[in-house]
Amino acid sequence: MKFFVDTADINEIRDLAATGLLDGVTTNPSLVAKTGKNFLDLVAEICGVVKGPVSAEVAATDYETMLKEGRKISKIAKNIAVKVPLTPAGLKVCKALADDGIMVNVTLCFTPAQAILAAKAGAKFISPFVGRLDDISTDGMALIADIVQIYENYPDWNTEVLVASVRHPVHIVESAKMGAHVVTCPPDVIRKLYSHPLTDKGLVTFVEDWKKTGQSIL
Ligand code: G3P
């Protein structure tokens, strides 16, 4: 399973990249807006920090402008994945860019039917939003199970299931159990994966007991 971080905060990205566990980055217009930075410069900076795919989203909603934006974004770096919304125009852009060998991440997916369309349009990634479904009392993880099952039926589809709108570690564990290819998580959720009180407690005991031996390994 690949780990992407869902942020445009370059300091967070550098910090998580240093763990050696980060495989990519996803951004969206809301995350970019939070930074107050120039979009194209920021995305170029992120692409320099992380080797894996960096998703950067188009801003327009009509086909012609999205296509122009997508082509421009794709030239920022080799590891760019152009992010487009799951609309008829967005999927048309997806097909055009994918035909040119550009990675496309189709975002704002809320149904298995939409995920089928994205795969047929040649998307490299489909981004189903689990947290936002949970927020409206709908089972977000059931959507992941459906998409993984459907994609497994068609081995010639190369679209990876990128679980998005992740809110807590259980979303990540459930995604792994279902065989989703990628999870993109806010930085704090990735950090929560490390934590367990028994790990902390156990380490305190080991350190104290080691001191009693009076030894040094180095
Ligand atoms: O980037 C897409 C997605 O991960 C957004 O998450 O928390 O705004 O629903 P959220």
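This report describes the ligand site and the salt bridges of a predicted model.

## Basis

Residue numbers start from 1 along each chain as its sequence is written. In this predicted model, local features need pLDDT of at least 70 and side-chain atom pairs count only at pLDDT 80 or more, while totals for chains, interfaces and linings use all residues; side-chain values use heavy atoms, with hydrogens and water left out.

## Ligand shell

Asp6, Asn28, Lys83, Phe129, Arg132, Ala164, Ser165 and Arg167 surround the ligand, each having a heavy atom within 4 Å of it. Of these shell residues, two are nonpolar, two polar and four charged.

## Polar contacts and burial

The distance is 2.6 Å for Asp6, 2.8 Å for Arg167 and 3.4 Å for Lys83. Alone, the ligand exposes 310 Å², of which the protein buries 82% (Shrake-Rupley method, 1.4 Å probe).

## Salt bridges

The whole structure contains 12 salt bridges, defined by a side-chain nitrogen of Lys or Arg within 4 Å of a carboxyl oxygen of Asp or Glu. One of them joins Glu160 and Lys124, with the closest N and O atoms 3.2 Å apart. Glu160 belongs to strand E7 (residues 160-163), and Lys124 to the loop between helix H6 (112-120) and strand E6 (125-128), so this pair ties together parts 36 residues apart in sequence. Helices (at least four residues) and strands (at least two) are DSSP runs, numbered from the N terminus.

Key: Polar contact = N/O pair within 3.5 Å; in protein donor to acceptor, adjacent residues only side chain to side chain. Nonpolar A, V, L, I, M, F, W, Y, C, P; charged D, E, K, R; others polar.
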